[in-house]
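The entries follow the order in which I looked things up.

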Amino acid sequence: PEQQVVAWLWQGEPAKARESFERTLSELGLDHLDLFLIHWPLPTLYDGDYVSTWKTLEEFTKDGRARSIGVSNFQVEHLTRLAQETGTVPAVNQIEVHPYLGNPELRAFHAETGIVTEAWSPLAQGAALDSPAVTTAAARHGVTPAQVVLRWHLQHGTVVIPKSATPSRIAANLALFGFTLDDAEIAAIDALEADGRTGPHPAAFNG
């Protein structure tokens, strides 16, 4: 299968967006990207300029150099503003999601508007793996706690790409389709919700 190439934009403002995009293509030796994201809304650093940055990303889709464009760490208010002021809905919003931070309001908004939810820190940096709700399900299905949490993500319709450099762990992270969590197991993991954010809040973070 064709390799998917995804890149993130750290710096805002149209000129910096163009520069970052061109540099990314050059460094990768490619003529297009499959997905290009604005990494943070940075709401006060650029005086809310993520809208003009987004319009710049729209240019990349129109000329075929980006097949899809998306965002990362955008909240409902940021996505609503994009919808009101531009003509393109993000293909993806990559957000912090794990059993301790389910982000249900944001995920519901994604479902209503056709935005794919992608999780970063899907295992809560390992903190979710010791929960009885997770370990009990792992023992019942004969899988690892990490596989349980990743399967929980999949059953909620979330795209999940866990980070690992260990071949055996990468293989285990892909082996998620031989079991299914039942409703009670899903509910028990959902109940771990504690607004347990591991990273900065997107409404306040400014790089």
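Predicted model: local features only at pLDDT ≥ 70, side-chain atom pairs only at ≥ 80, totals over all residues.

Residues are numbered from 1 along each chain as its sequence is written, and side-chain values use heavy atoms, with hydrogens and water left out.

I then looked up the pairing (at least two DSSP bridges between two strands) and noted that strand S3, residues 69-72, and S4 run parallel over two bridges. Helices (H or I, at least four residues) and strands (E, at least two) are DSSP runs, numbered from the N terminus.

On the other pairing, S4 is joined in parallel to strand S5, residues 116-120, by five bridges, and Ile95 has Ala119 in S5 as its bridge partner. From S4 the chain passes through helix H4, residues 104-113, to S5 in a right-handed β-α-β crossover, where right-handed means that, with the strands pointing away from the viewer, the path from the first strand over the helix to the second runs clockwise.

I checked the cover of S4, residues 92-96, and found five of its five residues buried (under 20% relative accessible area, 1.4 Å probe, protein chains only). Val92, Gln94 and Glu96 point one way from S4, whereas Asn93 and Ile95 point the other way.

Notes: Buried < 20%, exposed > 50% of the residue type's maximum accessible area, 1.4 Å probe, protein only.
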